[in-house]
Amino acid sequence: MENNKKVFNEILQTIKDYKKIIIIRHKGPDYDAYGSQFGLYYALKENFKDKEILIAGDDNANNFYNRPMDDVKEEDYNGALLILVDQSSVGMLNDLNYRLADKIIIMDHHESNPDFGDVIIITPTYSSAAELITEFLYETNLTIPKVSADALYIGMVGDSNRFFYKGTTSNTFLMAKVLLDAGADIITDYKLMVKDESEGFKKIKGYVLENFTLNNKVASVVIPKEIRNKYGITDAQASRGTINMLATLENCEAWVNFTEKDDGEAFVEIRSKEIPVVDVAKSFGGGGHELACGATIATLDLKDEFVRRLEEKVN
Ligand SMILES: [Mn+2]
């Protein structure tokens with residue numbers, strides 16, 4: 001889109017100015033976090049062969065390229081340009097070394113108003129950060145290698161739920177076209193995204209369906225660490241991986257799961273049919289999108305209050 005061009009050019013110029021670039025995204029990465037990170041990484045490597053480019057963050061089973069993260073140390077931030085994709089709230093960052101970077105670019109599509117960053121573009125109407133990164137590469141005439149195109153396509157498909165969610169626009173399809181023209185291959189991407197599920201994962205989904213409660217149009221379920229460990233499922237997998245099990249439930253406007261971590265904190269994932277609930281997530285230190293958001297709470301004791309606030313919101 002036309003008004004993004006000015007910022008894109010500023011981003012390009014900033015990238016040109018730096019020899020060392022570190023690309024990070026939010027913790028508990030999903031396909032869009034990895035897709036936008038890998039997509040930008042391989043594109044910058046292709047276009048700027050003399051630069052040192054590092055990627056960092058926690059890793060999980062969504063790492064579709066099995067490309068491990070770099071071991072980025074505190075001193076690596078010295079004189080480096082940091083690019084933050086698919087995230088702009090500090091609470092979702094892995095480490096706070098970002099402050100040590102010389103300059104920070106933020107490219108995000110979450111509803112957010114960060115109090116840090118030097119060059120910032122945030123497009124909450126976009127399906128995905130991958131859509132934004134694609135537009136950046138396209139509008140600045142950078143080469144998009146196939147490995148980037150596939151990663152960005154996976155990010156777009158992931159966050160838009162296969163071009164099904166509200167954020168899917170004509171611009172999304174335009175950017176999908178750009179990626180397909182750059183060599184993204186749908187069959188390859190499908191195989192990278194859709195994998196057989198373990199027996200334990202199937203069973204934990206069954207646990208969610210068996211144990212949720214529905215009150216005042218809010219469905220909620222707690223996934224205790226004992227259950228996760230019994231089935232060999234990580235907290236991140238259980239949290240993101242089972243939230244959609246409660247979608248399309250009759251008489252339900254919003255649904256939430258509380259996944260107990262090993263340290264007693266709990267991940268909270270929230271979804272809503274059409275009433276924005278992100279304010280509730282924010283009031284517990286989290287964030288995200290209007291209808292799909294999350295938080296981390298210090299203890300499961302906060303669960304009832306959380307659910308009560310959601311009930312208030314949707315009734
Ligand atoms: Mn995203």
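**Strands 1 and 2**

Select strand 1, residues 20–24, and strand 2, residues 52–55: the two run parallel and are joined by four bridges. This is a predicted model, so read every step of the tour as a description of a prediction. Show the backbone and pick out the bridge partners. Ile-23 has Ile-55 as its partner in strand 2. Ile-22 stands opposite Leu-54, also in strand 2.

Together with strand 1 and strand 2, helix 2 makes a β-α-β unit, and the unit is right-handed.

**Strand 3, on to the whole sheet**

Next, select strand 3, residues 81–85. Strand 3 runs parallel to strand 1, and four bridges join the pair. Look for Ile-21: Leu-81 of strand 3 stands opposite.

Is strand 1 enclosed or open to the outside? Four of its five residues are buried, so strand 1 is largely enclosed by the rest of the structure.

Five strands form an open sheet in the order 2-1-3-4-5, with parallel pairing. Which strands stand at the edges? They are strand 2 and strand 5, the latter at 119–122. Each has a single partner strand, so one side of each lacks a neighbour in the sheet. On average, neighbouring strands are turned by 15° against each other, direction ignored.

**Helices on the five-stranded sheet**

Select helix 1, residues 5–17. Helix 1 packs on this sheet and touches strand 1, strand 3, strand 4 (103–108) and strand 5. Its direction makes about 140° with that of strand 5.

Return to helix 2. Helix 2 packs on the sheet as well, touching strand 1, strand 2 and strand 3. The angle between the directions of helix 2 and strand 2 is about 170°.

**The largest core**

Show side chains for Ile-22, Ile-23, Leu-82, Ile-83, Met-107 and Ile-133. These residues have the most contacts inside the largest nonpolar core, which has 56 residues.

Centre on Ile-133. What is Ile-133 in contact with, leaving aside its neighbours within four places in sequence? The list is Ser-36, Gly-39, Leu-40, Val-85, Met-107 and Leu-152.

Six strands lie in the order 6-7-8-9-11-10, and their pairing is mixed. Strand 6 (213–215) and strand 10 (287–288) are the edge strands; each has a single partner strand, so one side is left without a neighbour in the sheet.

Select strand 7, residues 218–223, and strand 8, residues 254–260. They pair in the parallel sense over six bridges. For Ile-223, the bridge partner in strand 8 is Thr-259.

Helix 11 lies across strand 6, strand 7, strand 8, strand 9 (266–272) and strand 11 (292–297). It runs at about 160° to strand 7.

Most residues other than glycine have a negative phi. Two stops here go the other way.

- Asn-66 lies in the loop between strand 2 and strand 3. Its phi is near 50°, a positive value. Asn-66 is exposed, with 7 other C-beta atoms within 10 Å.
- Asn-251 lies in the loop between helix 9 (235–242) and strand 8. Its phi is positive too, at about 60°. Asn-251 is exposed, with 8 other C-beta atoms within 10 Å.

**The whole chain**

Zoom out and show everything. The chain has 11 helices and 11 strands. Its radius of gyration is 19 Å, close to the 20 Å that the globule rule gives for 315 residues, so the chain is as compact as a globular protein of that length. Along the principal axes, the C-alpha trace spans about 55 × 40 × 35 Å.

Colour by burial. Buried residues make up 44% of the 315 in the chain. Last, draw the contacts with a separation of 6 or more: 65% of them are between residues 24 or more positions apart.

Conventions:
Residues are numbered from 1 along each chain as its sequence is written. This is a predicted model: local features need pLDDT of at least 70, side-chain atom pairs count only at pLDDT 80 or more; totals for chains, interfaces and linings use all residues. Two strands pair if DSSP finds at least two bridges between them. Two residues are in contact if their C-beta atoms, placed from the backbone, lie within 7 Å. Axes are lines fitted to C-alpha atoms, for helices over the stretch in contact, and angles run from 0 to 180 degrees between N-to-C directions. A residue is buried if 20 or more other C-beta atoms lie within 10 Å of its own, exposed if 12 or fewer, and partly exposed in between; C-beta atoms are placed from the backbone. A crossover is right-handed if, with the strands pointing away from the viewer, the path from the first strand over the helix to the second runs clockwise. A nonpolar core is a set of buried Ala, Val, Leu, Ile, Met, Phe, Trp, Tyr and Cys residues joined through C-beta atoms within 7 Å. The radius of gyration is taken over C-alpha atoms; the globule rule is 2.2 Å times the number of residues to the power 0.38.
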